[in-house]
Amino acid sequence: MVLILKVGSKEASYLDVGGNGLKMTRGIWSTRFYCIFLVMCMTMTARPSAAQDWQYTVRPGDNLWDISEKYLLGMGYWKPLQEMNNIERPRNMEPGSTIRIPVRWLRLQPASVRVLAVAGEATAIDADTEETVPVETGMMLSSGDIIETESESSVTVEFADGSQFLIQENSEIEFDTLSAYSDSGMVDTRMRLQRGRLDGETAPSRGPGTAFEVWTPASISAVRGTEYRVATEADGQTSLTEVLRGEVRVEGSGRSQLIPESFGSITAAGEPPSPPIPLLPAPNLTGLPSTIDRVPLRFSLPPLEGAVAYRLQIAADLEFNAVLFDRIFTEPRFVGPNAPDGTYLWRVRGIDDNGLEGLDAYSRFVVDARPEPPFPIRPNEGETIRQPRPDFGWTEPEDARSYRFQLAAEGDFSAPLINLTDHSATSFNPDSDLTPGSYQWRVATNDVAGEEGPFSDPQPFLLRPAPVGPEIEEPAIDPDMLVLRWRAGLPGQTYQVQLARDANFSEIVLDRTIEEARLETRRPIAGRYYLRVRTIDVDGYVGEFGPAQQFEVRPTSYWPLVIVPLMLLLGFL
């Protein structure tokens, strides 16, 4: 028979009364209290209690001697067992019938914990030798052994009854008691979580002798047939319990709370557990893609009401035995690892302002991101270009043999305008002019093994014709003003106007940028002039000057042409 005595809020003692004698562990008792408790235990165990009986189902060929040898403390128990169950034929019992066996008569033997999976770095401390060794898959651990996990690391362990626990990063757990009642399937398991977080699923109870408890510095969680989580801060002042399935009894400071499914509880050191607190519902993952062709993994979710943070976990197995990625984000925008190609699962849950983590949402996805696509270089995303035969360029990934290049009109690539399947160079120029408009391009890698990877992100660009110099009208010259006009371009375009005394425009007498397709200026002095105009597009692109035009500005009076030579002739000048 196993009894549990809770002393204060942080310590307890266990008294095992049975054929092996009396054993007490964990706790310091006064002599007087110990004697009183011993008398109580002797009184309680004076006769079998139906509530402490294990129900054994008889198998073909069973007899009381074999059952006693396999399960009980000794062969001498066959006779009391026969009398207790009124068995008339101990050698030929009816298959399928049941017999009651007091738990205190069962043989209690040491049990072990097996390591199912390891991700990252974790160490184990042997209770007997105090030797520290790396935790490895398949390792067997015994009572008193300790596991410590590092950052971004986890360990999944399995107990004798099939219960499994995920020990998350930065955790320390001691396997305080690991015992089993013969081959009955009943276990007595107690763990101490000194810091960190556990995510566990315990097997259903197989009898009254079953006990499964998780101790933290602030609380005790007693469970059976339940999926739940336990966490404790590094200073041990606060513990969290989150129940996903079944129910958990949480005890602290001598008082307990029964926490049902989808609820949690907070226990501060020296205080009783809080009443049940509803856990946040699972986030909505319906919009997540089933195939990911970009790494590192990136995705966003709709905000979850009440969540102040989110936990993202990624694993390669359905049971989440080996957690490959585990991180908390303050917003529902997630960046995952640079995962190799393969099939994965992610689970996401919200975290409320109490620190309690809510229900999980699961989704399966495939990473198919290799060979990785090149990085596009030119044209850049959203760039406006003027060349009717654009120069496309990209980087050269490692192990690239050739490339698949696609050019499409704005929209999708269902009907690409250009589709090169085995292009060897890291650049490309079309053979013919493209018409002005909106386009997009992308490129994928063909590796040396002949596998084609995913395309790069589509790179949209705008092809606009280069603005040409406008047609200039005949200048209008009056006695005071010179008026220049030309054909107007598109809305928003501006113009640069130059007026020079020579055809090479080395003697510029006017250089002005204006918004209208006309210019009024004072009439220049008489002589020959050259005029040219070019268009500046709305995006600042400056076109080429159009053909220069020449015109003559005649003098307003010819008297200077007569008087000046005459005065020179007469010697007045």
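I take two strands as paired if DSSP finds at least two bridges between them. Strands (E, at least two residues) and helices (H or I, at least four) are DSSP runs, numbered from the N terminus.

**Entry 1: basis.** I note that this is a predicted model, in which local features need pLDDT of at least 70 and side-chain atom pairs count only at pLDDT 80 or more, while totals for chains, interfaces and linings use all residues. Residues are numbered from 1 along each chain as its sequence is written, and side-chain values use heavy atoms, with hydrogens and water left out.

Entry 2: I then examined strands β34 (residues 400-409) and β37 (residues 437-447), which run antiparallel and are joined by nine bridges. Arg404 has Ala444 in β37 as its bridge partner.

**Entry 3: the whole chain.** I find four helices and 45 strands in the chain. Of its 573 residues, 45% count as buried (under 20% relative accessible area, with exposed over 50% and partly exposed in between; 1.4 Å probe, protein chains only). Among contacts (heavy atoms within 4.5 Å) between residues at least 6 apart in sequence, 58% join residues at least 24 apart.

**Entry 4: aromatic rings.** I pair rings of Phe, Tyr and Trp (its six-membered ring) if their centres lie within 6.5 Å; planes under 30 degrees apart count as stacked, over 60 as edge-to-face and the rest as tilted. The count comes to 29 aromatic pairs. Phe329 and Phe334 have ring centres 5.2 Å apart and planes at 80 degrees, so this pair is edge-to-face. Phe329 and Phe334 are both buried. For Tyr344 and Phe365 the centres are 5.7 Å apart and the planes at 20 degrees, so the pair is stacked. Tyr344 lies in strand β29 (residues 342-351) and Phe365 in strand β30 (residues 361-367), so the pair ties together parts that are 21 residues apart in sequence. Tyr344 and Phe365 are buried as well. I also list one aromatic cluster, formed by Phe392, Trp394, Tyr403, Phe405, Phe428, Tyr439, Trp441 and Phe461.

**Entry 5: charges over rings.** My criterion is NZ of Lys or CZ of Arg within 6 Å of the ring centre and within 35 degrees of the ring normal. Arg347 has its charged end over the ring of Phe320, 4.0 Å from the centre. Arg91 lies over the face of Trp65, 4.6 Å from the ring centre.

Entry 6: Gln493 is placed in the loop between β40 (481-485) and β41 (494-500) and, at 9% relative accessibility, counts as buried. The side chains of Gln493 and Asp537 make a polar contact at 3.3 Å (N or O atoms within 3.5 Å; within protein, one must be able to donate a hydrogen and the other to accept it, and residues adjacent in sequence count only if both atoms are side-chain atoms).
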